[in-house]
Amino acid sequence: MSASCDHDRLASPGALELAVRVGGVLWLSGAAMLLLILALPGRELPDQWLIVLLAAFGVVLGAAMLLVVRAGRASVSLAHVAPVLGLAMTAALAPLTGGTDSPAREYVWFAVVYASLFFPLRQAVGYWLACGVVHALPLFYEGGATEANLLRELAIVVPMYVLVGGIVIAGRELFGGASRRAAELEAEQRAMAEEQSSLRRVATAVAAGSPPTGTFALVSSEAGRLLRADAAAIGRFQGDDRSIALGRWAREAADRTEPGGSRALHPGDLLYRLRHEGATVREDAGPGRHRSRLAAPVHVGASLWGALVVAARDPGAFGADAERRLQDYADLIATAVANAEDRARLETQAATDRLSGLPNHRAFRERLEHEAARARRHRRPLTIALFDVDAFGELNDRVGLEAADATLVEIGELLRGAVREEDVVARMGGDEFGVILVESDRHDALVMADRARRIVAQAPLRHHLRATVSVGLCDLDSAATTDELLCRAEASLSWAKQHGRDLCWVYDRTVVREVAGSVRDSSVDRTHALVGLRALARTIDAKDAATCEHSERVAAMAARLAAARGWSPDRVALLREAAMLHDVGKIGVPDAILLKEARLTQEEFSTVREHPVLGARIASDVLDDEQVTWIACHHERPDGRGYPSGLGGAELSEGAALLALADAWDAMVSRRSYSPAMRVAEALHEARVCAGSQFDRAAVDALETVAVSRELMVTAARLHQPTAA
């Protein structure tokens, strides 16, 4: 027998409950068989009342043992009750049921099997011998208890008990070992699954581009928990003699500290050894509170970036495979760091103009949004200036592309040197530069911009060239949005170029509108451009049968609403002109999104939300700044829940409000893939319900006036006519 035979089989609660439960079942079974003996025909048994009493005792004891198990109060002593009282009852029943011929003597087999199944080997042997004695007792009181008879009885019975009991114990050990191996295998599989799940969580965070600080915190906690450590940390090496903790985790709150803090590396330190060996190092019985430490290197590319360290209080806490498991996490840290560095490099490249090294148009817009929000929040001034190199096309033709590009680089350097360190200078594209003059009102900004203009005009450039720039400025008080700010600075720049160049001009609504009106009446180029944009708008509408002629209908409705509001014919014409181009920005929306019949995802809707801004930019070279603003704001709402800028209330101009209602009206009374057409009465009711929230109240009042006209009714009826299938 193995040494495990002497182990107490009832040490676990599960085995103990099973033993008591089996004992209860055996007592109930024995009582039932005892009553069966009385019921079977044969020899008349004396003292039957005593047999019935013993059977009743068996029922009570068996039921009590089962109830004790259900109540969760099983004990080792109760497990011994079943065989001990069973042997006592068998000894008492034998003389009552036939002595040496008594069938009750077979009950001892219950005790043999039960003891062999649940008790250690030494206790089981004791029970086997007791069973032999109980089996031989009838020989004494029947007068046949000679030494020879007793020896023959015991020589036959006891070996049988030993043989059967040994077989039971051998099977118990065999199946128990298999169960233990299965449990060990299950534990290994659980540990492997836990490790894979942990690594997958970290890998997902790394692949998703989570911020390094979050990734470091996640890796340190996951590695610490998986390796059953008490603490974990991620350190980055600084030079050869210092490290800084970028991520920390501790099991107990008393050990938790925030990342950060640089510490020196000393010879003999774990990190010092790793720094100089470049491989995993460990301490199994080191000094200090945490006796066990394990550190894995983090290599980024060919260089040693840092280390991942876990620590535990118990000596030798980390197994042989802990090094491999910790290195897996260290490799994920390396990937996260490399990805973060790549993203930072790509973001820098994406935000930098390759020719001049200055921020590009995208970076300028992002910084402008940030600075404008900060200026509004703190009620501080802000002005932007747009610089355009005069006659740059002629310069390019005269000296060639390479020299012209070199001139742009020099002008960019001159502008950068002419403004303050906190100001932002960017190349907007082509021969245009943008400058964000922070904390500067229009007067201070004009002084700085004019100084920069004079510096450029007076500076001798390479190839013996000279250049001048025209400058347009607009301050934040003159624009509601950054788009308006840029549009009005462009308008000022156009004024400066049209009035002699080498000038600075600050946005003035009256003068710029006067110039824009003059250009609109006289410019053949503008007429051609406007025709082209109208053709583009019609092309966009024609992509979907439901939106065919949408722009024309919106323009007509917007004009009717403006007339109902008392606008002059000239201003009605301006609104009609802008309404024709209100959706031209949808040229930047992919057809897969534009023509999608199902509900748009959040990401797809974010793409659609950009079309008013893009449309305003496209139309800005043809329309005046007020018309451009109407286009940019035709999806804004009085309650501020519109897009793209979330304007509301007084920030929303009347022209934008009328255009928004005209656009929504056409959508309501037209068939769309996602909704049927409403009848005029239904659409009017919807507009009234949304007055003050989605639609301007005055615009809705104008709609009710227009809606009673026969022309509108006829138009709506035509839209409801079934289409030819």
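Let me start with two helices: α24, residues 654–669, and α25, residues 680–689, pack at an angle of about 140°, and their axes are 10 Å apart. That angle makes α24 oblique to α25, because only angles over 145 count as roughly antiparallel. Keep in mind that this is a predicted model.

Two packed helices are described by the angle between their axes and the distance between the axes. For this pair there is also a handedness: α24 passes α25 in a right-handed crossing.

Which residues of the two helices meet? On the α24 side they are W665, M668 and V669, and on the α25 side V680, A683, L684 and E686. Sorted by type, the residues of this contact are six nonpolar, no polar and one charged.

Now to the strands. Strand β1 covers residues 231–238 and strand β2 covers residues 242–250; the two pair in the antiparallel sense over eight bridges. What do β1 and β2 form? They form a hairpin, with three residues between the strands. In that turn, G239 has a positive phi of about 70°.

β1 has another partner in strand β6, residues 303–312. That pairing is antiparallel too, over six bridges.

Terms used
Residues numbered from 1 in each chain as written. Predicted model: local features only at pLDDT ≥ 70, side-chain atom pairs only at ≥ 80, totals over all residues. Heavy atoms only, no water. Axes fitted to C-alpha atoms, helices over the stretch in contact; angles between N-to-C directions. Helix = DSSP H or I, 4+ residues; strand = E, 2+ residues; numbered from the N terminus. Parallel < 35°, antiparallel > 145°, perpendicular 65-115°, else oblique. Left-handed = near helix turned anticlockwise from the far one by under 90°. Contact = heavy atoms within 4.5 Å. Nonpolar A, V, L, I, M, F, W, Y, C, P; charged D, E, K, R; others polar. Pairing = 2+ DSSP bridges.
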